[in-house]
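Please find below my notes on the model you sent. I have kept them to a few points.

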Amino acid sequence: MLNRRRFLSGTAAASVALLPGAAVARAETDRRLVFIIQRGAQDGLHALPPYAERSYYDGRPKIGVPPPGTEGGALKLDGLFGLHPSLTGLHRLYEEGELVVAPAVATRYRSRSHFDGQNLLENGSGEPFGASSGFLNRALASLGSAGDRTAVNVGLAAPLMLQGPAKTRTFAPSETAPLSSDFVSRLQTAYSGDPVLAEAFESAIQDSRMVSLDPQEARSINRGRNMAHTAHIIGTLLRSKEGPRVAVLESNGWDTHDGINFRSRKLFSDLDSSILALKKALGPSWKKTVVVTISEFGRTARENGSKGTDHGTGGTSFLAGGAVRGGRIIGDWPGTRDSDLLRNRDLYPANPTEGLLKGLLHDHLGVTEAALESRVFPGSRSLQPVQGLLRS
Amino acid sequence: MTSRDAFIAAHRFGLGPKSGELERIAPDPKGWLSAQVGKTGVPGDVEASMPSEKITRTLAGAASPDRQKTRRILREQAQSEVNAMLAHRIGSENPFAERMVLFWINHFNVSASRGLTTALQPSYEREAIRPHVSGRFADLLYAVLTHPAMIEYLDNNNSLGPNSPVGQRRPVKINENLARETLELYSLGVNGGYTQQDIIELAKILTGWSFPGPNVFRAEKTFRKRFPNMEFEKREGHAAFYRLIHEPGPKTVLGKTYRGEPGSELRAVVEDLAAHPSTARFLSTKLARHFVSDTPSENVIAKLSSVYLQSGGDLKVLQAALIELPEAWEEPLPKAKSPYEFLVAGMRAMGPGEINHKHISQGLMQMGQQLHKAPSPQGWPDTEDVWFAPARLLRRVEVAQLLAKRYGRDRNPDLFLEQTIGPVAGDEIRRVVRGAPSGADAIAFILASREFQRR
């Protein structure tokens, strides 16, 4: 019954092989790539309500986002889809051709554990414990020297997707007066017999010399209180000539089992203002930027008893940025009727996350097809890279 | 040799030595630990706030003008008990017992992320965790699953059986959260061999276990008229069962069908989950990771698993087995202290004195481990790659410096070194301490040293 599934405009999962990427030296990476990982499983049907489908409202009588033109209604994208009303900035980017929307996106994970789902998403192996490093780290390692520290994340530790052979930066500004250089060198002596502590301390000291913020700003960033502010600083770092080129922003709280209407307003407006803050901070570099949102899985197509949704499958990904060939909704749309659903419960996972990311890493950063298939997303050959995501 | 064992007993099994403690326990480190087994009851010096039942009833019954005020009072009460418990741990003479309590609190993590879980956190430790930490794992699991704090944290109060008396009157749904985490995080473990169907069936068994709140009151309204002879609320210690929202009928979990009286199936399934070999292995792996190494050997895991299974999941026997585990006494510094462990060890080393709770909570926040606020049901991690990541390490060093400035000014650094890390202190740290420009700096170096940061 595949014929009831509609093909959307834009990219088909074409089977044309990727052009072999030119050997990419580190210097060529003036492109910027930002991942926003939405932990807890974003509700793709709340982000991108298919307002024209009756079945959408049948399954979500209490929480369905009303159609465009009504109070609190979706922001219209086309005759089928709208955006959650808090995503006004993304709506503008869509109209300006700087936003691609991908519905029904899913990794190879089909169970319902956040931790397994996030592990699999981030380790890229197709198994929850299939690799102890992250796909993004391996992709960066394939581009050249693993010691380049091309990538940065905000927080006290790197997320799994950034762990691995390539060294990365960790951005967590000091809230107290910086350590004196005398104190630092004496402590380095004390750590000299402990390779783990010695290396970690050395790297932390280097990072702390790069950025200085007043304690209040530092506190707000370290607490994750203001995602847009964090995004702004990430954007500033990425913009600087010597700064990182790739960043991961972590966004928590998407596990909306209850009260999704209330909770998602803040979640989506934070997401929206963070992407706008990146755009503003990146300035001219926005033209060379892609921001992509990913989540471990989706949520049930129908609402549960507590005005929320439970763990499900297909979710919605956004790709924003000046480098994106935007104004399009891409991929395959499976529909929300009972018979369309996976196991009579979840949005059918029509568009592989790995395909999206393979297309992006190849076209934007120049990660080679060979590296993508063998190291970055092993065992994913059947999941075709999505082509034509970027402006040529 | 014994003083090295004293270091291991005090730092790895305990919460770091108090002044003079290393010397005191050196003659018999294992005996010192064994004497603490079982001393996990509610400590006498911690004043208990309200029982959980009173908290839930107070909140559920508070009329809206008083609600804000009631919430504030409950929050303050909870905070003061949390502070008292922290002070107790800093001064405790039974730090191994306290470490076991902390281990299980983290295993069954309830984050103080909502108003109600914040208010209930101390009662959760007092009512569900402490009474069972030295008892049977099955009883611990049962007490946790039926405690209002866990029920609120994992939404079991929003899980209503579609075929329950209430479900037959209006559309309601089951929430699988608590059932999923029970299998994945609390018992069998993620690769323990269960399916999505097992989760659903366990979720059915869990329906009805709740606490007084909106869903229950709504059900009561309907119930009083229609089922005048059915018991509305069945209380069992700190737990409450509501038949009106319980999904009736037989349920099959892991191939076994449970058909007891409504409300009695949970006890039976918990017994079976606790006795499952996957549970033995999962718990043993976590314990071995906590007490032996980030990557414990198969041998250690197998040993603990077999103790667990042979003792019928007796946690007291398991504690004794941990103390006797030769592998736990081989290396002095294989593990990273978590920020909490580091701070508590630092305060214990500084000796008795007033505890500034604001400083402590600021320090914990700075190092990324806010008290009772682990980001997910998984609790805090227990490996050095997390706790010694560069940015976190730098925060620890900053906290070490703050501690030294605040509490370490007029201390004798040589004595402080001997009484904290003496038995294992390397040449590097001894040299750095000897050459330190000030006493406070010397203390800061000791606190920041690998010997103090590890356990």
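The notes below cover the basis of the model, a pocket, the domains and a glycine.

1. This is a predicted model, in which local features need pLDDT of at least 70 and side-chain atom pairs count only at pLDDT 80 or more, whereas totals for chains, interfaces and linings use all residues. Residues are numbered from 1 along each chain as its sequence is written, chains are lettered from A and ligands numbered from 1 in the order in which they are written, and side-chain values use heavy atoms, with hydrogens and water left out.

2. The second largest pocket holds about 940 Å³ of space, and its lining consists of 33 residues, with B:Asn157, B:Asn158, B:Gly213, B:Pro214 and B:Asn215 lying nearest its centre. A pocket here is an open set of points on a 1 Å grid over the protein atoms alone, where a 1.4 Å probe fits, with protein on both sides within 12 Å along at least five of seven lines; lining residues have an atom within 4 Å of a point. The volume is the space filled by probe spheres set on the points, which are joined across faces, edges and corners.

3. Chain A is divided into domain 1 (2-173 + 215-376) and domain 2 (179-210), with bounds that come from an automatic or database domain assignment. The C-alpha centres of these two domains of chain A lie 36 Å apart.

4. A:Gly327 counts as partly exposed because its relative accessibility is 31%, between the limits for buried (under 20%) and exposed (over 50%), taken with a 1.4 Å probe on protein chains only. Beyond neighbours within four places in sequence, A:Gly327 is in contact with A:Tyr94, A:Gly97, A:Glu98 and A:Leu99, contact meaning heavy atoms within 4.5 Å.
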